[in-house]
Amino acid sequence: MALHSPGVRANRANRANASRESILLAAERLFAEHGISAVSNRQISDAAGQGNNSAVGYHFGTKLDLVLAVTKRHQAPIEGLRSKMLAETVGSADVRDWVACLVRPLTEHLESLGTPTWFARFSAQMLTDPQFLPAVKQEALEDHTLRKVLEGLETSRPDLPAEVLAEREDMVRQLLMHTCAERERALAEGRPTPRASWSDAATGLVDAITGLWLAPFTATGPTQ
């Protein structure tokens, strides 16, 4: 068989794709369990069964590129679920409907992955890492379905002072991702969870986040 025949090229492409997938799975798990900054490329290569310690850099470039690749791996199915919900929600003035569009695509995706999963814990780790969070947030906002959901929330929720709005946006992110991460961890460890299913967990999250947006606020003095 010729060195550069289609069959040889296809085999090389298949091996490269398999290596990339192994690295992505290993990185997601290690980042979820230990934190993004605490995990080295060597650890990821070893966990992925790659004999070459430079495999991570070869396939993905920088650690930020790898983090974004892990995120993008889950974005497409979540976007698909959100798009369906969005089509049913457009025109609603009920903040709860828009909160559901934010919550349920994520929980449905996590349920579809089976057990164990690591994406929620990976995302929760990312929220606490200022080195990677800004780029990942920017990448997420390129999803037009998410932008539409955020626009729907903006028009349906009460007007809030800028500082209260910023505070509650952060609360929503933390509540959503850390609640999902804790449930994901409990399922992986075989521990009991407050809700019987991901769907029930989503209902609890929608209740809580809707309450956050509709809660009264207390005016305070100037920001220090």
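This is a predicted model: local features need pLDDT of at least 70, side-chain atom pairs count only at pLDDT 80 or more; totals for chains, interfaces and linings use all residues.
A residue is called buried when its relative accessible area is under 20%, and exposed when that area is over 50%.

Helix 8, which covers residues 144-156, has 13 residues and reaches 18 Å from its first C-alpha to its last, close to the 18 Å expected at 1.5 Å a residue. Within helix 8, the residues Thr145, Leu146, Val149, Gly152, Leu153 and Ser156 are buried. Seen down the axis of helix 8, these buried residues fall within an arc of 120 degrees, and they therefore line one face of the helix. The face turned away from this buried side carries Glu154 and Thr155, both of which are exposed. The buried residues of helix 8 are covered by elements that include helix 4 (63-89), helix 5, helix 7 (133-140) and helix 10 (198-214).

In soluble globular proteins, nonpolar side chains tend to be buried together. In the present model, the largest nonpolar core has 58 residues, and those with the most contacts inside this core are Phe31, Ile44, Leu66, Phe122 and Leu176. The largest share of the core comes from helix 5 (residues 95-112), which contributes nine residues. The surroundings of isoleucine 44 can be described in detail: leaving aside its neighbours within four places in sequence, isoleucine 44 is in contact with Ile23, Ala26, Ala27, Leu30, Phe31, Val39, Val56 and Leu66.

The largest pocket holds about 890 Å³ of space. This pocket is lined by 29 residues, of which Leu102, Ala140, Leu146, Arg173 and Leu176 are the closest to its centre. Leu146 is also among the buried residues of helix 8, while Leu176 is also among the residues with the most contacts inside the largest nonpolar core. At least two residues of the pocket lining are supplied by each of helix 4, helix 5, helix 6 (119-127), helix 7, helix 8 and helix 9 (162-189), and helix 4 gives the most, with six residues.

The structure also holds one cavity of 30 Å³ or more, and the volume of the largest cavity is about 30 Å³. Its lining consists of Gly114, Thr115, Pro116, Thr117, Glu184, Leu187, Ala188 and Trp198, with helix 9 giving the most, namely three residues. Two of these lining residues, Thr115 and Pro116, are joined by a peptide bond that is cis, with omega near 5 degrees. Proline 116 itself is found in the loop between helix 5 and helix 6.

Methods
Residues are numbered from 1 along each chain as its sequence is written. Side-chain values use heavy atoms; hydrogens and water are left out. A nonpolar core is a set of buried Ala, Val, Leu, Ile, Met, Phe, Trp, Tyr and Cys residues joined through side-chain atoms within 4.5 Å. Buried means under 20% relative accessible area, exposed over 50%, partly exposed in between (1.4 Å probe, protein chains only). Helices (H or I, at least four residues) and strands (E, at least two) are DSSP runs, numbered from the N terminus. Contact means heavy atoms within 4.5 Å. The expected span of a helix is 1.5 Å times one less than its number of residues. The arc is that of the directions from the helix axis to the C-beta atoms. On a 1 Å grid over the protein atoms alone, a cavity is a set of points where a 1.4 Å probe fits but cannot get out, and a pocket is an open set with protein on both sides within 12 Å along at least five of seven lines; lining residues have an atom within 4 Å of a point. Grid points are joined across faces, edges and corners, and a volume is the space filled by probe spheres set on the points.
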